[in-house]
Protein chains: 2
Amino acid sequence: MSSASSLDAYSTPLAVRLSAREGALTGPTAGLANGFVQVNLVILPEAQANGFLRFCQANPKPCPVLAVSEPGARGCEALGDDIDIARDVPAYRIYRNGQASDSVAEVADVWRDDLVTIALGCSFTFEHALQLDGLGVRHIEQGRNVPMFNTTLPLTTAGGFGGNLVVSMRPYSAAEAIRAIQITTRYPQAHGAPVHLGDPTLIGITDIDSPDYGDSVSVADDELPLFWACGVTPQQVLIDAGIAFAITHSPGHMLLTDIPDSHLSLL
Amino acid sequence: MSSASSLDAYSTPLAVRLSAREGALTGPTAGLANGFVQVNLVILPEAQANGFLRFCQANPKPCPVLAVSEPGARGCEALGDDIDIARDVPAYRIYRNGQASDSVAEVADVWRDDLVTIALGCSFTFEHALQLDGLGVRHIEQGRNVPMFNTTLPLTTAGGFGGNLVVSMRPYSAAEAIRAIQITTRYPQAHGAPVHLGDPTLIGITDIDSPDYGDSVSVADDELPLFWACGVTPQQVLIDAGIAFAITHSPGHMLLTDIPDSHLSLL
């Protein structure tokens, strides 16, 4: 019914999920079903999931928890009706002993009765809010992936997990930066306000033109780089922990929920 | 009853007003009756006041209107009980043909039946909120007046008034700056969020160590200067307009109101 090419900003979240479920949609979800929350997924055996939840609780800026499933459940009512967590994401990564696989189209074949799904908010929500306010989002304007950087900012160790924060960067003029801080502050469940702005070296970033993940974008002389906590952080944390078994979405290939972006706004 | 020396952070707003009314309090009001809104006053003949109100409406960041009195009235119920606008400020300035007088202790002798009082919010409200959140305020820590600068940022001309914005500066680290933006955003009636941060030359400030008003404060290498719209702006605007007759408070010598600071918080 839903070929991937028929999907666009006006598609329903369910149409996007069904297209992924049927194997038609295998690409990134940016720009699809605009106005609905997209989430990062971290799927772990219950034995590790409880510790990882404590880690998320201690590090809410990179890991804002929106929903947690019951062990083994492939649905998640908190995120929407008719969800199959094992098939509704266009591409997954499977981790074994700290090594991430290439992307796979579904994980129904490796599903286990003890798997717990943790859904984390995503920056698409605040990027949409920035655009609605008239602020540009540089990497979108330049048709690139957001630039992301490892930092020297330590995470709070909890539940057996730890490491350093990964951040995404978006450049703005000073007046735009102040407005972007106001807007993203409304969305604590989508990484919230930036964690840093200005001099990148103060958080251990030596070359703003050489991101560790994603693509570089231009920063004008009268602009400041703003740095937000990034959803790549938990994936890096799983690798650093040498996790025995885990599943995540593949970066940029998110789960579409039925939650309007506006529902995550504090006010 | 209230000698000026007995006034402190725990005094009531009325005690501060009565001390000024009796001529005992003639100094600045910073640190008195903490937790209550202090206001800038602009007092104009009705013929000019209407235009000035339009100017304030068009420039809410430097000129956030809290209350406007009826012509000739020396009380203002919106600000508190038992207020005498002509005597309850520790020091006033009288403007004639664009020239500001030295400070005078009261203006009852020059009061007119057509004078309209416009009360404008003041940065003391947000400085108190910053301190309650644990953020330092550099000029307070250093026992100085806040540094203020003329800028090249144009005001919106309205009602026969115009000019350029005057800003106050407070330095913060990046993480503190983000928090300071969040906190001051709550107080649009006390100048609200900063208008600029970072490179001062982008708004026409050539030497951060040489303020046009107030005192200079230190800015550390890992700090950014943040710039807020300043209540000195309307006083400069009156002078630039060559106003025939007007009264304001003397800078730093504010009217204490009965309004708790918290009442100005958006949420």
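**Interface between the chains**

The structure is a predicted model, and its interface can be described from both sides: 15 residues of chain A are in contact with 15 residues of chain B. Putting the two chains together buries about 1,200 Å², with carbon and sulfur atoms giving 82% of that area. On the side of chain A, the residues that lose the most area to chain B are Ile178(A), Ile181(A) and Leu197(A), which together account for 38% of what that side buries. Two elements of chain A, helix 5 (174-185) and strand 8 (196-197), each give two or more residues to the side that touches chain B, and helix 5 gives the most, with six residues. As for polar features, the count of salt bridges between chain A and chain B is zero, while two residue pairs are in polar contact across the interface.

**Salt bridges**

Over all chains, the whole structure holds 20 salt bridges, including those set out here.

| Asp82(A) | Arg21(A) | 3.0 Å |

In chain A, Arg21(A), Asp82(A) and Asp88(A) are linked in a network of salt bridges. Arg21(A) is buried, at 15% relative accessible area, whereas Asp82(A) is partly exposed, at 44%.

The pair Arg138(A) and Glu141(A) is of a local kind, because the two residues are three apart in helix 4 (residues 138-141) of chain A and are thus separated by about one helical turn. Arg138(A) counts as buried because its relative accessibility is 15%, and Glu141(A) counts as exposed because its value is 52%.

**Local features**

Helix 6 (residues 232-240) of chain A has among its buried residues Val232(A), Pro234(A), Val237(A) and Leu238(A), and this helix is followed by Gly242(A), whose phi is positive, near 60°.

On the surface, Leu266(A), Leu267(A), Leu266(B) and Leu267(B) form a nonpolar patch with about 490 Å² of accessible area together. Leu267(A), one of these residues, lies in the segment after strand 11 (255-260) of chain A and counts as exposed, at 64% relative accessibility.

Conventions: Residues are numbered from 1 along each chain as its sequence is written. Chains are lettered from A and ligands numbered from 1 in the order in which they are written. This is a predicted model: local features need pLDDT of at least 70, side-chain atom pairs count only at pLDDT 80 or more; totals for chains, interfaces and linings use all residues. Side-chain values use heavy atoms; hydrogens and water are left out. Patches are made of residues with over 30% relative accessible area and no salt bridge: like charges are joined within 9 Å, nonpolar side chains (Val, Leu, Ile, Met, Phe, Trp, Tyr) within 5 Å. Accessible areas come from the Shrake-Rupley method with a 1.4 Å probe; for residues, only the protein chains shown count as cover. A salt bridge is a side-chain nitrogen of Lys or Arg within 4 Å of a carboxyl oxygen of Asp or Glu. Helices (H or I, at least four residues) and strands (E, at least two) are DSSP runs, numbered from the N terminus. Buried means under 20% relative accessible area, exposed over 50%, partly exposed in between (1.4 Å probe, protein chains only). Contact means heavy atoms within 4.5 Å. Buried area is the accessible area (1.4 Å probe) that two parts lose on being put together, summed over both. A polar contact is a pair of N or O atoms within 3.5 Å; within protein, one must be able to donate a hydrogen and the other to accept it, and residues adjacent in sequence count only if both atoms are side-chain atoms.
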